Amino acid sequence: APSVTTPFTTTSKPSSSIVAAARQILEPVATKSATKESHSLEEHKHRNDCKSPSASKTKMPTEYYVNQGWHLLKSNLWIKNSEGEDVFHVKGTNFTWGMNVTVHDKEGKELASIRQTKVATLYPKYDVYRDDKLWATCTKENMVGFGKKEALLDIPGDNNYKIRGDNVAGSFEVIRTETGNQAGTVTKKVDKALGLRDCYSVSIADGEDEVALIVIFALIDNIYHDCDDGDITTPFLSSIIKKKEKK
């Protein structure tokens with residue numbers, strides 16, 4: 001019988017030249033596809049990071065809260081964080097002429113002290129010490145009455161703090177004089193129990209000197225909310241005047 005030859009029974013390996021040509025065509029395509037996928041993954045990750053709160057460059061200010069104690073001391077305050085934990089302690093006494101207080105951390109280490117140098121005057125003056133050295137002086141600048149409140153914490157060779165309050169000394173902002181940036185705020189609030197004690201919230205901008213802002217709070221409390229001062233006001237009166245101003 002005659003033999004039949006089929007073209008598919010015999011297979012042969014492609015030549016090396018054909019393999020090399022195929023690689024030259026396919027490898028750039030695969031590399032381009034992998035690079036595109038990598039870029040897509042990186043872009044997706046970047047978008048997710050931007051949505052994440054932890055990736056935000058703008059940090060929230062630090063908040064502290066203060067309730068005055070039931071005692072005869074002019075200043076004896078524990079300053080707490082938002083978790084209710086003690087962070088700073090402001091100690092004072094009635095047995096001195098004028099303001100004389102110290103600021104401590106929760107372990108009792110002294111961080112700053114404030115001594116009033118001009119007492120019997122409408123424009124009291126205070127010296128602030130840190131590390132047992134004179135660090136700054138504070139002077140009340142506004143006149144007694146229901147005008148805007150203003151004081152200056154002068155730091156030699158440094159960026160000073162301007163303290164500005166509303167007409168009734170219920171809300172203050174602290175401004176860096178050289179940059180105009182807000183360093184923090186101090187707000188007097190009503191005690192929820194009886195409304196007889198002074199209560200404050202102290203907000204400190206991110207990156208600011210916390211001890212400096214706590215010192216400023218203590219100065220505000222003494223200058224504008226001490227019972228001996230002519231500028232004393234109440235949060236209740238403050239709220240009434242603010243409502244009238246908005247109308």
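**Core packing and strand pairing in the predicted model**

Leu 153 touches Val 128, Trp 135, Ala 136, Thr 137, Cys 138, Asn 160, Tyr 161, Ile 216 and Leu 219, where a contact means heavy atoms within 4.5 Å and residues up to four places away in sequence are not counted. The model is predicted: local features need pLDDT of at least 70, side-chain atom pairs count only at pLDDT 80 or more, and totals for chains, interfaces and linings use all residues. Residues are numbered from 1 along each chain as its sequence is written, and side-chain values use heavy atoms, with hydrogens and water left out.

Leu 153, together with Ile 114, Tyr 161 and Leu 219, touches the most other members of the largest nonpolar core, which has 43 residues. Such a core is a set of buried Ala, Val, Leu, Ile, Met, Phe, Trp, Tyr and Cys residues joined through side-chain atoms within 4.5 Å; buried means under 20% relative accessible area (1.4 Å probe, protein chains only). Helix α2 (residues 210–225) supplies the largest share of this core, twelve residues.

Helices (H or I, at least four residues) and strands (E, at least two) are DSSP runs, numbered from the N terminus. In strand β4 (residues 100–105), five of six residues are buried. Strands pair if DSSP finds at least two bridges between them. Strand β3 (residues 86–91) runs antiparallel to β4, with four bridges, and Phe 88 has Asp 105 of β4 as its bridge partner. β4 also pairs with strand β5 (residues 110–118), in the antiparallel sense, over five bridges; here Thr 102 stands opposite Ser 113. Four residues lie between the strands of the β4 and β5 hairpin, in which Gly 108 takes a positive phi near 100°.

Conventions. Buried means under 20% relative accessible area, exposed over 50%, partly exposed in between (1.4 Å probe, protein chains only).
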